[in-house]
Each structure stands twice: as C-alpha cells, then as structure tokens.
Amino acid sequence: MGLKKNWSDWTFALNVTDILNTNIVEITDNQTSGNYNYIHQDRYNRGGSLSITYSFGNQKVKKVRDIEGASDGIKSRTK
C-alpha cells in the first residue's frame, strides 16, 4: 500500500508492506506411523519506507502546449 503527497516543490511517499500480516506458514502433518509434525513460521515481513523528494530547477518555466480542437486533429489526419 502506498500514499503519495505533493506539497510545493516537495514530494512525500510512504509505502508499507504486509499490513495484514498474511505471510504466516502453518503446517500440520499427521502420519500413519504415528509421527506428528507441526510447523508455525511467522516471517515478520512487515515493513515500510518513507521517501522525500525535492524538485530543483526553475519551476516558473512551463511547457508550452498547443491545444487544438478535435476537429483540427481529424482534418490533419485525413489530408
């Protein structure tokens, strides 16, 4: 599960793994010879990471976009 937040020139990202603790292995083995085996492994795979990123550079320069109507795009493709 991840969460990301942009704030001004900063980006904060939080990721966590195995939140519900689903990585548990449990084995029960009854054999005909009378042997009994029981294995319970909790692998403790819960974890998390926090990432903080700062955007350097001139933030005032914006990419120039030429927005055309849909009809102009259709006309240019059909020529």
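Which residues does F12 touch, not counting residues up to four places away in sequence?

## F12 and its neighbours

F12 touches L3, K4, K5, W7, S51 and I52, leaving aside residues up to four places away in sequence; here contact means heavy atoms within 4.5 Å. You can find F12 in strand β2 (strands, E, are DSSP runs of at least two residues, numbered from the N terminus). Although F12 and S51 are 39 residues apart along the chain, their C-alpha atoms are separated by 5.8 Å. F12 counts as partly exposed, at 29% relative accessibility (buried is under 20% relative accessible area, exposed over 50%, partly exposed in between, with a 1.4 Å probe and protein chains only).

## About the model

This is a predicted model, where local features need pLDDT of at least 70, side-chain atom pairs count only at pLDDT 80 or more, and totals for chains, interfaces and linings use all residues. Residues are numbered from 1 along each chain as its sequence is written, and side-chain values use heavy atoms, with hydrogens and water left out.

## A buried charge

Now look at D18, in the loop between β2 (10–17) and β3 (24–30). D18 is buried but has no salt bridge (a side-chain nitrogen of Lys or Arg within 4 Å of a carboxyl oxygen of Asp or Glu). The nearest side chain of opposite charge, R46, is 5.5 Å away; Lys and Arg count as positive and Asp and Glu as negative, while His and the chain ends are not counted.

## Two positive phi angles

N21 is not a glycine, yet its phi is positive, about 55°. N21 sits in the loop between β2 and β3 and is partly exposed, with a relative accessible area of 22%.

Y44, also not a glycine, has a positive phi near 50°. Y44 lies in the loop between β4 (36–42) and β5 (47–54) and is exposed, at 66% relative accessible area.

Key: Helices (H or I, at least four residues) and strands (E, at least two) are DSSP runs, numbered from the N terminus.
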